[in-house]
Amino acid sequence: SIGDSAFEDCGKLTKVEIANSVTKVGHFAFAGCSRIKRIKIPNKVTDMGSYTFSGCEKLEHIDISAGV
């Protein structure tokens with residue numbers, strides 16, 4: 001799992017690829033990461049916290065499976 005606020009306000013992140021072994025992403029995990037442009041979420045993620053990607057202003061693309 002990726003814990004609550006784990007990468008919050010990490011201003012240098014530009015891309016997020018969550019590992020296939022992750023099943024949960026916590027609240028605010030990537031909130032405030034203003035440079036993230038791409039996110040890849042595998043189908044094993046079944047629990048996403050609230051505001052996980054809040055404030056990701058440059059977000060252009062999310063690759064997310066139908067089962068998430």
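Guide: Happy to; we'll start with the cysteines and then move on to the charged side chains and a few threonines. Please keep in mind that this is a predicted model.

How many disulfides are there? The count comes to zero. A disulfide is a covalent bond between the sulfur atoms of two cysteines. To be counted here, the two sulfur atoms have to lie within 2.5 Å of each other. Take cysteine 10: the closest cysteine sulfur belongs to cysteine 33 and is 5.1 Å away, so the pair is too far apart for a bond. Cysteine 56 is in no disulfide either, with the sulfur of cysteine 33 again the nearest, at 5.5 Å.

Are these cysteines buried or exposed? Cysteine 10 has a relative accessible area of 29%, so it is partly exposed. Cysteine 56 counts as buried because its relative accessibility is 9%. The cut-off that matters for this step is that buried means under 20%.

Now for the charged side chains. Side chains of opposite charge can pair when their charged atoms come close. A search of the whole structure finds one such salt bridge. Its partners are lysine 15 and glutamate 17, whose side chains meet at 3.3 Å, N to O. Lysine 15 counts as partly exposed because its relative accessibility is 49%. Glutamate 17, with a relative accessible area of 54%, is exposed.

With 46% relative accessibility, lysine 58 is partly exposed.

Threonine 23 is found in the loop between strand 1 (15–17) and strand 2 (24–25), and at 40% relative accessibility it counts as partly exposed. Valine 45 is 22 residues away from threonine 23 along the chain, yet their C-alpha atoms are separated by 3.9 Å. Threonine 14 belongs to the segment before strand 1 and is partly exposed, with a relative accessible area of 44%. Between threonine 14 and threonine 52 there are 38 residues of separation in sequence and 15 Å in space, C-alpha to C-alpha.

Note on methods. Residues numbered from 1 in each chain as written. Predicted model: local features only at pLDDT ≥ 70, side-chain atom pairs only at ≥ 80, totals over all residues. Heavy atoms only, no water. Buried < 20%, exposed > 50% of the residue type's maximum accessible area, 1.4 Å probe, protein only. Helix = DSSP H or I, 4+ residues; strand = E, 2+ residues; numbered from the N terminus. Salt bridge = Lys/Arg side-chain N within 4 Å of Asp/Glu carboxyl O.
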